[in-house]
Amino acid sequence: MSVYFFHNSIKYYKWVRDKMKLNYFKTIEGSCLLFIFLLMPLFGQNSLDEGRKFLDEQQYKNAIQHFKKIVKQDEKNDSAYYYLGYAYLQNKDHNKAIDYLEKAIELNEKEARYHFQHGMALREKLMNSNFFKKAIVAPKMKAAFDKTVELNPKHIEGRKALIGFYLQAPAIAGGDLNKAKHHAKALVDLDKFHGHFLTGYAYNREEKFDSARIEYEDAEKYFENSPKDPAFFNAFGYVLIELKEYDLAIEKFKKQLEMVPNDANSHDSLGDGYRAAGKLDLALSEYKKALEIDPDFKPSKKNYKELKKQLGE
């Protein structure tokens, strides 16, 4: 073997060796990067799960700090912005909640729950605004709930919130009893109790008391299987007073009182039932009980004073 050939063979060997090493390390490096890339969604999901655990445990300040770290690392994580907004809302900071929820919507406008919580944050802002700001915030809140139902027609809480808007807002601000009934009737297929209850409430507002009674009777059939709401029996009782069915009204007010025995309004409502039925001593007793629970409860103060005067006491 010539020296030249031997020398070049050694050079070739070293080149092959170095090339193999390079390819080897490139392969290892590539495999590691691929492994990390594949695990990134899992790490992100685990991080979101950890934050959601804070929310479940009502540790809202911890949740806020946790999700802030996530969005700092990943500015495109719409879920993290959503949970951050939700945490701020639960922590009674509706302005920051609105900011983060709007960021979540900017990144992903197709999530109904983002729009719903945005609407809830706007509702908190509405409740804490003066008259002029209410006029600005209310349409935004309605639009958020509209979008919720548009994206997910089966979103029960979104539809209930929209019904609430149409029932409570003045006509000049978009209130509409016909639209409230439309959405309430659609809600019946999703939540029979609240669907019938809210349909009845809309009829009540229209002073169509017979129609309201029919809806309330249908709602009562599903009451036991729903989240127990004493306001239902309160509304039902007053419709029955309008229909002059006083004994049945008293029965409904008693059911309300059973659910919230230490509530001034429940005693006051039962007093109204007794008063309508002409049972004035019993009515006076209920107004007195209401004032023992809450001495500043204005309806009972007024009713007690009027009834005392009527009875000549």
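This is a predicted model: local features need pLDDT of at least 70, side-chain atom pairs count only at pLDDT 80 or more; totals for chains, interfaces and linings use all residues.
Helices here are DSSP runs of H or I with at least four residues, numbered from the N terminus.

**Confidence along the chain**

**Two loop lysines with positive phi**
- Lys92 is not a glycine, yet its phi is positive, at about 70°.
- The relative accessible area of Lys92 is 74%, so this residue is exposed.
- Lys244 belongs to the loop between α11 (230-242) and α12 (246-259).
- For Lys244, too, phi is positive in a residue other than glycine, with a value near 60°.
- Lys244 counts as exposed because its relative accessibility is 61%, and the cut-off for exposed is over 50%.

**Arg205 in helix α9**
- Arg205 sits in helix α9, which covers residues 192-205.
- With a relative accessible area of 41%, Arg205 is partly exposed, a class that lies between the 20% and 50% cut-offs.
- Setting aside residues up to four places away in sequence, Arg205 touches Leu167, Gln168 and Leu177.
- A polar atom of the Arg205 side chain lies 2.3 Å from the backbone oxygen of Leu167.

**Two buried serines**
- Ser269 is part of helix α13 (residues 264-276).
- Ser269 counts as buried because its relative accessibility is 0%, and buried means under 20%.
- The side chains of Ser269 and Asn234 are joined by a polar contact of 2.7 Å.
- Beyond its neighbours within four places in sequence, Ser269 is in contact with Asn234, Tyr238, Phe253 and Gln256.
- Ser300 is found in helix α15, residues 298-310.
- The relative accessible area of Ser300 is 0%, so Ser300 is buried.
- Not counting residues up to four places away in sequence, Ser300 touches Asp268, Tyr287, Ala290 and Leu291.

How values were computed. Residues are numbered from 1 along each chain as its sequence is written. Side-chain values use heavy atoms; hydrogens and water are left out. Buried means under 20% relative accessible area, exposed over 50%, partly exposed in between (1.4 Å probe, protein chains only). Contact means heavy atoms within 4.5 Å. A polar contact is a pair of N or O atoms within 3.5 Å; within protein, one must be able to donate a hydrogen and the other to accept it, and residues adjacent in sequence count only if both atoms are side-chain atoms.
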